[in-house]
Amino acid sequence: MLKDFFSISWNSMKKRKLRSWLTLLGIFIGIAAVVSLISLGDGLRTAITGQFNSLSADTLIVQNAETGFGPPGSTAIKKLNEHDLKLIEDVNGVIMTIPKLLRMVKLDFNKASSFSYVTNLPEEKEKMDFIYENMNIETESGRLLTGTDKGKVLLGNDIANSETYGKKIKVGNKITLQGKEFEVVGILAKSSSFQTNLVILMLDRDMKDLLDIPKDEIDFIIVRAESKDKVETISENIKRVLRKDRNEKLGEEDFTVQTPLQALGAINTILNIINIVVIGIAAISLLIGGIGIANTMYTSVLERKKEIGTMKAIGAKNADILKIFVIESGLFGLIGGITGAGFGLLLSYIVSTIANNYFGETILAFNISWTLLIGAILFSFLIGILAGLIPSYRASKLKPVDALRG
Amino acid sequence: MPKLKIQKNHVDEIIRLENLCKRYRMGESVVQAVCEVNLGINKGEFVAIVGPSGSGKSTMMNMVGALDLASQGDIFLDGIDIEHLAESRLAQIRGRRIGFIFQTFNLIPTLNAVENVALPMIFQGIPRWKRIERAKKLLNEVKLSHRMYHLPNELSGGERQRVAIARALANDPEVILADEPTGNLDSKTGEEIMNMFMELNKQGKTIIMITHDPNLAKKARRVIKLKDGKIIK
């Protein structure tokens, strides 16, 4: 019987083409806005959290307080040193420490020059592998560095493909860093993290020689915890040990210990606020779409009074009339939802493609969320039904004799 | 709900009106559309109801067809007092026991002939294949087998009224109520429709028809004249 009511409702929608299209347009725009905005918001989140992917959940970063802007750790007044490294290594639960340097260098190639970040790779195989694995470092061409690759470098994808040098830098090319020649042995694959795309990797020894960095100077320390559950405890322990060593009070530290969760948490809070605002705007357009459906259903009931009376005269119960009209308004929601969701996805795909082309990076990741799609369609269906409830109820309660008068 | 009154004494009576009144409020004044009507109609009768406009014909017909409630009095359909039934029971009675035919045909414009005829059967929960089969058979009987898939606006007035007759017969009701069925038709077509009613009456259907065409009224076996809401003959 429901199936028959569906075809009655469907026929009625088909008959009133223009009005049905306009009604659909209202809910279509609302759903398209919701889907594209949420989808873009998700993309933003994916892209931003992708930047943090270079740190896995079981890693901490220790660095000294900064004095200004620059690569992390490089502007600290008092540098971290081997003594600090030793202290941290001895903290219970720490299974690996990697001293890191991150500096700017001048890169000359093909008679052009520009500045770029350079960072050191530890020479021990275990630590080197950990960096490769945790920063998702893979080569697009060439190979990764090993502990014996003195005078050789890996280039981030954006450096290699930069237009600054007039031609692309390829594996086997020689580049000049601060006046010293290095051989490129690998180009990194494009990463979701811009840090990885814009960095030159070389062995620790090479970097210290090149930039004249004292042997025990450290910009920041990557600490690997025994397990990700212990990250917070270990973070507290490292702070306590360093405070004691430096004779500092709680809250007056000249160093920071950052866990990936802390950083992500702060960013997620911001993203959530953005998402709420965006969804709020989209919800307004959905509400208007719903009002459009209610309006259409009201006119439809008025216009079809005689039809309602006839159906009652030939045996339709109030509940039957209610169903026919609710199905019709539900169909508005459903069809508007399906087309709107499809269009919303298309829109977010176009926007993310344009944004990514323009910025040359993965600023907005495009991904299809089935939960979002199905949720939006169901929600739209529900809005259609809700918007149609009161008009349909009124239709069902019409007295047959009054309805027949039209 | 008040206890149902069951009438047993008039065995052959399918419809009985007792002290039936219908009053409307029109602003300050109250209009008496039907007043103190007592009437019995037997199974298989063909009754024409005549009278000038405003005499209460349609009002009475609407109450008999359970489309409207009386202000006073009772209507018995096959012994059951329909004035005290719930709306869903009334819908059931309208659907199963009464077939309505209107002056303006009242077909659903978005449904084709077969679908229109099958519509009353949907509300009775009859399976689709059965409905379609019966709708086609009925359309065949009213000689519209060549127009089955046409929409109402593609049919002539006479054809539309024949679709409406087929629809009225869909659930095989005992009583056919026709409110000026030929009012919107030319006299030749009107006569064809009238002949169809007479044929149905021969098959045993009780027919109550409102008309103001004296020639058509003559063909009915019994004529009831209404004036100012009262039966005058």
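B:Ala135 touches B:Val114, B:Val117, B:Ala118 and B:Ala170, leaving aside residues up to four places away in sequence, where two residues are in contact if their C-beta atoms, placed from the backbone, lie within 7 Å. This is a predicted model, in which local features need pLDDT of at least 70 and side-chain atom pairs count only at pLDDT 80 or more, whereas totals for chains, interfaces and linings use all residues. Residues are numbered from 1 along each chain as its sequence is written, and chains are lettered from A and ligands numbered from 1 in the order in which they are written.

The place of B:Ala135 is in helix H4 (residues 128-141) of chain B; helices (H or I, at least four residues) and strands (E, at least two) are DSSP runs, numbered from the N terminus. B:Ala135 is buried, with 24 other C-beta atoms within 10 Å, given that a residue is buried if 20 or more other C-beta atoms lie within 10 Å of its own, exposed if 12 or fewer, and partly exposed in between. Between the C-alpha atoms of B:Ala135 and B:Leu119, which are 16 residues apart along the chain, the separation is 9.1 Å.

One of the contacts of B:Ala135, B:Val117, itself touches B:Ala135, B:Leu138, B:Leu139, B:Val163, B:Ala166, B:Arg167 and B:Ala170, again not counting residues up to four places away in sequence. B:Val117 and B:Ile208 touch the most other members of the largest nonpolar core, which holds 119 residues; such a core is a set of buried Ala, Val, Leu, Ile, Met, Phe, Trp, Tyr and Cys residues joined through C-beta atoms within 7 Å. Helix H2 (residues 17-51) of chain A gives the most to this core, with 13 residues. A second, separate core has 28 residues, among them A:Met135, A:Leu154, A:Met202 and A:Leu203. In soluble globular proteins, nonpolar side chains tend to be buried together.

Elsewhere in chain B, the axes of helix H5 (residues 157-168) and helix H6 (residues 187-202) come within 10 Å and cross at roughly 15 degrees, the axes being lines fitted to C-alpha atoms, for helices over the stretch in contact, with angles that run from 0 to 180 degrees between N-to-C directions. That makes H5(B) roughly parallel to H6(B), because angles under 35 degrees count as roughly parallel, over 145 as roughly antiparallel, 65 to 115 as roughly perpendicular and the rest as oblique. The crossing of H5(B) and H6(B) is right-handed; this term applies if the near helix is turned clockwise from the far one by less than a right angle, and left-handed if anticlockwise. From H5(B), B:Gly157, B:Gly158, B:Gln161 and B:Ile165 meet B:Thr189, B:Glu192, B:Ile193 and B:Met196 of H6(B). The residues of this contact divide into three nonpolar, four polar and one charged, where Ala, Val, Leu, Ile, Met, Phe, Trp, Tyr, Cys and Pro count as nonpolar, Asp, Glu, Lys and Arg as charged, and the others, Gly among them, as polar.

The contact between the two chains takes 23 residues from chain B and 19 residues from chain A. On the side of chain B that touches chain A, helix H2 (87-96) and helix H3 (113-123) of chain B each supply at least two residues, and the largest share, seven residues, comes from H2(B). By class, that side of chain B has ten nonpolar, eight polar and five charged residues.

| Chain | Residues | Buried | Secondary structure |
|---|---|---|---|
| A | 406 residues | 40% | 13 helices and eleven strands |
| B | 233 residues | 48% | seven helices and ten strands |

Among contacts between residues at least 6 apart in sequence, 81% in chain A join residues at least 24 apart, and the corresponding value for chain B is 72%.

In chain A, helix H10 (residues 305-313) is mostly covered, with seven of its nine residues buried, namely A:Glu307, A:Ile308, A:Gly309, A:Thr310, A:Met311, A:Lys312 and A:Ala313. H10(A) is followed by A:Gly315, whose phi is positive, near 115 degrees.

Most residues other than glycine have a negative phi. A:Asp212, however, has a positive phi near 60 degrees; A:Asp212 lies in the loop between helix H7 (204-211) and strand E10 (220-225) of chain A and is exposed, with 7 other C-beta atoms within 10 Å. For A:Asn247, phi is also positive, near 60 degrees, and this residue is found in the loop between helix H8 (231-246) and strand E11 (255-258) of chain A, where A:Asn247 is exposed, with 6 other C-beta atoms within 10 Å.
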